[in-house]
Amino acid sequence: MKVIIFSHESDLDGLYSTAIGLMRYPQAMTVFLGYGAENFNKLGNFIYSATRYSSSSSSSESGQIVIADLGLNDELIETCRKTFSDAVLKGWKIMWVDHHPWSQQAIEAVKPFVEIVLDISGRKCAADLMYETLLPGNTLAAKLASMAHTMDFFTKDQYLTPISELIRYYQTFPDFYYRMSDLAVKSARGILWDVEMQNDYNDYVHLRDDAKAQVFASMQIREAGRFKVVYVPSSPYLQSSLFSEEVFAKTNTDLMMLYSTKGKVSIRRNTEAISCRTIAANLPDGGGHDYAAGATFKSDPSDTAAVISELHAAVVKALANK
């Protein structure tokens with residue numbers, strides 16, 4: 001049986017969700033994606049290519065699609081519904097495992113075509129759900145899920161290798177998808193760190209520290225009501241969630257907006273009085289969680305003043321009643 005696993009490209013939850021999927025389906029092809037319309041169009045193209053010669057009357061040509069750690073925003077409903085309905089007609093099965101908030105409209109739109117596994121409690125990551133759904137009771141899968149949970153919720157209840165930073169580093173390589181797939185295969189075998197990863201990490205650390213010095217020199221702090229917001233230029237060598245802790249400790253701010261030259265922004269909070277997801281909803285392709293979210297912006301990334309102005313307007317709108 002053919003199997004394709006789609007997962008989030010940027011963090012440990014996406015990686016370990018994929019690894020658990022590979023433990024269940026060792027033959028699977030893995031595809032790592034980001035958020036937004038462009039990436040969901042890629043997902044649709046992959047599915048179309050994989051299923052176009054399939055026939056509902058031939059079980060040997062059908063397969064399984066697993067989507068993990070990717071949320072469905074309302075503006076992407078029609079794209080997904082068309083893609084999934086075609087795949088199902090050709091005999092493919094689809095499972096979507098996610099822990100991001102979905103609207104009822106999104107759920108109802110894809111439910112006829114997809115087995116949806118969602119967490120509505122806000123206490124589980126995607127790897128938790130992959131473990132519970134695909135490999136309940138498996139010791140390695142449970143450990144991978146536990147580590148993803150620790151990273152996703154910042155519980156700091158166990159030691160983690162710096163693999164999240166390595167994922168960030170690998171995104172700067174032209175063979176990023178190969179490297180991510182290799183990490184997933186290793187993780188599925190219980191290899192969480194090796195000499196090759198250590199050598200790559202040693203190279204990364206120097207680039208990361210240089211990037212931090214440059215970023216700290218150019219960040220800006222603004223007030224939004226009773227909150228302090230720090231606007232930080234991103235770097236391909238900085239892992240957003242880990243770096244945010246350092247920024248908050250240095251600036252004593254309540255919210256971080258980490259914007260990149262590719263027109264994307266990562267949002268992190270330092271107080272539960274702020275919802276990152278609400279702020280992201282005021283920007284294009286916005287989505288995520290209350291504690292961490294992401295979006296894009298329309299301003300020219302080279303125009304720092306315009307970028308910060310656009311992002312600040314989204315923050316002010318979200319925090320207007322706080």
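Biologist: Is V110 buried or exposed?

Modeller: Happy to start there, with the reminder that this model is predicted. Residues under 20% relative accessible area count as buried. V110 has a relative accessible area of 0%, so V110 is buried.

Biologist: Which helix holds V110, and which residues does V110 touch beyond four places away in sequence?

Modeller: Helix α4, residues 104-110, contains V110. Leaving aside residues up to four places away in sequence, V110 touches L72, C80, F84, W102 and I116.

Biologist: Let's turn to helix packing. How are two packed helices described?

Modeller: One gives the angle between their axes and the distance between those axes. Take α1 (residues 12-24) and α6 (residues 139-153): their axes come within 9 Å and cross at roughly 170°. An angle over 145 degrees counts as roughly antiparallel, and α1 and α6 are therefore roughly antiparallel to each other.

Biologist: Which residues meet where α1 and α6 are in contact?

Modeller: On the α1 side you have L12, D13, Y16, A19, I20 and M23, and these meet L140, A141, L144, A145, M147, A148, M151 and D152 in α6. By class, the residues of this contact are 12 nonpolar and two charged, with no polar ones.

Biologist: Now pockets, please. What shows where empty space is left?

Modeller: A probe the size of a water molecule is rolled over the atoms. Here the largest pocket holds about 1400 Å³ of space. It is lined by 50 residues, and those closest to its centre are E9, S10, R168, Q171 and K264.

Biologist: Which strand gives the most to the lining of the largest pocket, and how many residues of that lining are nonpolar, polar and charged?

Modeller: Strand β11, residues 292-296, gives the most, with five residues. The lining of the largest pocket has 23 polar, 15 nonpolar and 12 charged residues.

Biologist: How much space lies in the second largest pocket?

Modeller: About 410 Å³. Its lining has 23 residues, and L72, N73, P101, G286 and G287 are the closest to its centre.

Biologist: Where does the largest share of the lining of the second largest pocket come from?

Modeller: From α11, with three residues. Both α11 (276-280) and β10 (287-288) supply at least two residues each. By class, the lining of the second largest pocket divides into nine nonpolar, 10 polar and four charged residues.

How values were computed
Residues are numbered from 1 along each chain as its sequence is written. This is a predicted model: local features need pLDDT of at least 70, side-chain atom pairs count only at pLDDT 80 or more; totals for chains, interfaces and linings use all residues. Side-chain values use heavy atoms; hydrogens and water are left out. Axes are lines fitted to C-alpha atoms, for helices over the stretch in contact, and angles run from 0 to 180 degrees between N-to-C directions. Helices (H or I, at least four residues) and strands (E, at least two) are DSSP runs, numbered from the N terminus. Angles under 35 degrees count as roughly parallel, over 145 as roughly antiparallel, 65 to 115 as roughly perpendicular and the rest as oblique. Contact means heavy atoms within 4.5 Å. Ala, Val, Leu, Ile, Met, Phe, Trp, Tyr, Cys and Pro count as nonpolar, Asp, Glu, Lys and Arg as charged, and the others, Gly among them, as polar. On a 1 Å grid over the protein atoms alone, a cavity is a set of points where a 1.4 Å probe fits but cannot get out, and a pocket is an open set with protein on both sides within 12 Å along at least five of seven lines; lining residues have an atom within 4 Å of a point. Grid points are joined across faces, edges and corners, and a volume is the space filled by probe spheres set on the points. Buried means under 20% relative accessible area, exposed over 50%, partly exposed in between (1.4 Å probe, protein chains only).
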